Amino acid sequence: MPRSALAWSLAGLLGLVLAGCAQGSLSPSSSASFTQRDRQLLANAPYAQAEIPERYRRHIVDYPYRGRPGTILVDSDSRYLYFVLPQGKAIRYGVAVGEEALAFSGTATVGRMAEWPDWIPTPEIQARLGPYPSRVHGGPENPLGARALYLYSGNKDTLYRIHGTNQPEYIGQAISSGCIRMTNEDVIDLYDRVKQGTTVVVLPPSQGLGGYIARHG
């Protein structure tokens with residue numbers, strides 16, 4: 001996929017790795033943006049509530065690199081997703097990413113957004129991990145969780161998503177499926193900030209944010 005949609009450039013701090021220099025504050029977890037359906041479905045979620053390590057909980061951090069506010073950047077190596085804010089800040093979320101051989105990387109746009117989406121397993125997932133039903137209806141048992149952002153290249157669905165999860169214990173890890181997983185609480189928070197058409201940059205494994213900027217700045 002093309003990687004020139006965003007011109008990420010260094011703002012005087014090229015030698016710094018963002019995760020190390022961005023000493024941010026925890027962003028208060030809030031259910032204020034939950035819909036009534038969210039409250040009902042998450043009240044008795046049929047999965048164990050995980051204790052997310054603090055470094056993978058939602059933080060507001062310094063973001064000393066030029067990026068258009070509203071852009072999403074995923075650092076696969078660090079297991080972080082950044083939502084760029086104005087004035088050199090970003091919201092940093094912990095995520096689970098796909099194993100290297102299965103992971104997507106490149107530049108895409110949010111082509112579709114859905115609340116409590118249905119999951120339609122691809123033939124590849126059916127062959128590798130199935131059998132699954134042809135369609136799994138939305139709900140807390142659905143592996144897409146509470147929200148999904150569908151990533152497109154032009155008008156074509158990449159089959160790659162940013163979505164919630166019914167396995168929050170894997171946040172901060174690389175796991176078998178290739179999509180970006182967030183806790184349901186975090187994906188609801190992100191969903192409310194994102195618009196259709198938002199640019200998403202997913203860095204490939206073994207290419208940290210500093211390396212990406214050095215090559216594309």
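The chain has a mean pLDDT of 80, and 76% of its residues reach 70 or more. pLDDT is the predictor's confidence in each residue, from 0 to 100. This is a predicted model: local features need pLDDT of at least 70, side-chain atom pairs count only at pLDDT 80 or more, and totals for chains, interfaces and linings use all residues. Residues are numbered from 1 along each chain as its sequence is written, and side-chain values use heavy atoms, with hydrogens and water left out.

Residues 1–22 need care. Their pLDDT stays under 50. The model has 57 contacts beyond four places in sequence for this stretch, a contact being heavy atoms within 4.5 Å. Where pLDDT is low, the predicted coordinates should not be read in detail.

**Strand β14**

Strand β14 covers residues 199–203. Helices (H or I, at least four residues) and strands (E, at least two) are DSSP runs, numbered from the N terminus. Five of the five residues in β14 are buried. Buried means under 20% relative accessible area, exposed means over 50%, and partly exposed lies in between (1.4 Å probe, protein chains only). T199, V201 and L203 point one way from β14, while V200 and V202 point the other way.

β14 has pairing partners; two strands pair if DSSP finds at least two bridges between them. Strand β5 (residues 72–75) pairs with β14 in the parallel sense, over four bridges. There, I72 has V200 as its bridge partner. Strand β9 (residues 106–115) pairs with β14 in the antiparallel sense, also over four bridges. On that side, A108 stands opposite V200.

**The nonpolar cores**

A nonpolar core is a set of buried Ala, Val, Leu, Ile, Met, Phe, Trp, Tyr and Cys residues joined through side-chain atoms within 4.5 Å. The largest one has 31 residues. I72, L81, L149, I162, I180, M182 and L190 touch the most other members. β5, β6 (80–85), β7 (89–94), β9, β10 (147–153), β11 (156–163), α4 (184–191) and β14 each supply at least two residues of this core. α4 gives the most, with four residues.

Another core lies apart from it, with 13 residues, among them I52, V61, Y80 and V84. In soluble globular proteins, nonpolar side chains tend to be buried together.

I72 also shows up in the contact list. Leaving out residues up to four places away in sequence, I72 touches residues including L81, L149, I162, L190 and V200.

**Aromatic rings**

Four aromatic pairs are found in the whole structure. Rings of Phe, Tyr and Trp (its six-membered ring) pair if their centres lie within 6.5 Å; planes under 30 degrees apart count as stacked, over 60 as edge-to-face and the rest as tilted. Two of the pairs are tabulated here.

| Pair | Type | Centre to centre | Angle between planes |
|---|---|---|---|
| Y63 and Y82 | tilted | 5.7 Å | 55° |
| W119 and Y132 | edge-to-face | 4.9 Å | 70° |

Y63 lies in the loop between β3 (59–62) and β4 (65–66), and Y82 in strand β6, 19 residues apart. Y63 is buried at 2% relative accessible area. Y82 is buried at 0%. Ring pairs link Y56, Y63, Y80 and Y82 into a cluster.

W119 sits in the loop between β9 and α3 (123–129) and Y132 in the loop between α3 and β10, so their pair ties together parts 13 residues apart in sequence. W119 counts as buried at 14% relative accessibility. Y132 is partly exposed, at 34%.

**Charges over rings**

A charge sits over a ring if NZ of Lys or CZ of Arg is within 6 Å of the ring centre and within 35 degrees of the ring normal. R92 lies over the face of Y80, 4.3 Å from the ring centre. R112 lies over the face of Y150, at 3.9 Å.
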